[in-house]
Amino acid sequence: MQISDSVGLVTGGASGLGEGTVRFMVERGAKVAVLDLPRSKGDALAKELGDDVTFVACDVTDPENVKGAVAEARERFGRLDFAVNCAGAGPGARMLDRQGNPHPLGLYRHIVELDLIGTFDVTRWAAAHMARNEPGDSGERGLIVNTASIAGYEGQIGQAAYSAAKGGVIAMTLPLARDLAAHGIRVMTICPGIMDTPAFGNVDDSLKQKLAEIHVFPKRLGTPADFGRLVGSFMENTLLNGEVVRLDAATRLAPR
Ligand SMILES: NC(=O)c1ccc[n+]([C@@H]2O[C@H](COP(=O)([O-])OP(=O)(O)OC[C@H]3O[C@@H](n4cnc5c(N)ncnc54)[C@H](O)[C@@H]3O)[C@@H](O)[C@H]2O)c1
């Protein structure tokens with residue numbers, strides 16, 4: 001799939017890895033709908049990047065909202081070739097806190113709802129729209145890229161919920177690719193390592209340097225541009241399908 005003149009949507013596209021993807025795609029001639037929370041800076045990003053970007057307010061944990069937002073994204077630019085799921089977060093909690101109280105069940109549910117079910121929901125509606133595209137030369141109708149995490153393999157202390165959700169995103173990659181193969185739609189997943197995004201909050205440079213040491217080589221944090229570039233290579237290399245790619249400079253997370 002060629003990036004230029006393609007049309008896509010990016011959930012969580014107003015910040016961090018999603019924003020990096022939006023910028024990468026638009027610089028190369030794609031049109032992108034940013035699906036993000038109403039309070040996000042999606043509208044400001046669309047205004048900054050001009051006519052090739054549109055903002056559609058969407059909470060991926062709300063199924064009615066997702067159905068309407070994906071349809072709206074398709075409407076605005078007249079087709080849908082790619083969908084990148086970046087909306088997500090992973091607030092941590094230990095199984096037992098210092099007082100011996102168990103992990104809040106509501107928090108577990110929320111993280112699975114956001115990171116796993118939200119990703120699945122956007123994927124199913126995006127696939128339904130893509131399946132109606134005229135196929136390209138190789139029979140391809142679309143590409144879906146989901147975002148997991150290396151914590152989906154080596155979850156750290158306090159990451160049981162996040163790891164379960166991201167592990168689910170990893171595990172569904174192959175069956176989704178198999179399900180959608182008959183429709184000419186590919187599915188790929190990225191497991192980012194430690195990426196320099198606003199999700200970190202206001203951490204100072206010395207802490208960032210320490211975190212970068214966890215990466216084996218190169219010893220730097222990943223960037224939204226690294227992530228966007230990887231999505232771009234998935235688009236251009238049509239033999240990539242049903243695979244999970246670690247973007248983590250050979251890191252393997254320790255327990256803490
Ligand atoms: N930053 C990292 O080191 C890292 C590492 C591994 C995985 N990830 C994953 O990458 C993805 C993006 O993370 P990031 O670092 O860019 O975070 P970020 O906080 O910079 O961006 C996340 C975006 O998702 C949006 N969002 C949150 N809840 C949403 C909802 N319910 N509906 C729609 N949008 C919602 C936010 O408004 C925000 O714009 C997440 O799934 C995260 O778990 C990040």
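Student: Which residues does Val34 touch, not counting residues up to four places away in sequence?

Tutor: Two residues are in contact if their C-beta atoms, placed from the backbone, lie within 7 Å. By that criterion Val34 touches Val10, Gly13, Ala14, Val22, Gly42, Leu45, Ala46, Val53 and Phe55, with residues up to four places away in sequence left out. This is a predicted model, in which local features need pLDDT of at least 70 and side-chain atom pairs count only at pLDDT 80 or more, while totals for chains, interfaces and linings use all residues. Residues are numbered from 1 along each chain as its sequence is written.

Student: Which residues touch the most other members of the largest nonpolar core?

Tutor: In soluble globular proteins, nonpolar side chains tend to be buried together. A nonpolar core is a set of buried Ala, Val, Leu, Ile, Met, Phe, Trp, Tyr and Cys residues joined through C-beta atoms within 7 Å, where buried means 20 or more other C-beta atoms within 10 Å of a residue's own, exposed 12 or fewer, and partly exposed in between. Here the largest such core has 64 residues, of which Leu9, Val32, Val34, Leu35 and Ala126 touch the most other members. Helix α4 gives the most to this core, with eight residues; helices are DSSP runs of H or I, at least four residues, numbered from the N terminus.

Student: Is Met172 exposed or partly exposed?

Tutor: Met172, found in helix α5 (residues 160-181), counts as partly exposed because it has 19 C-beta neighbours inside 10 Å. Met172 and Lys210 are 38 residues apart in sequence, and their C-alpha atoms are 33 Å apart in space.

Student: Which helix gives the most to the shell around the ligand?

Tutor: That is α1, with three residues.

Key
Helices (H or I, at least four residues) and strands (E, at least two) are DSSP runs, numbered from the N terminus.
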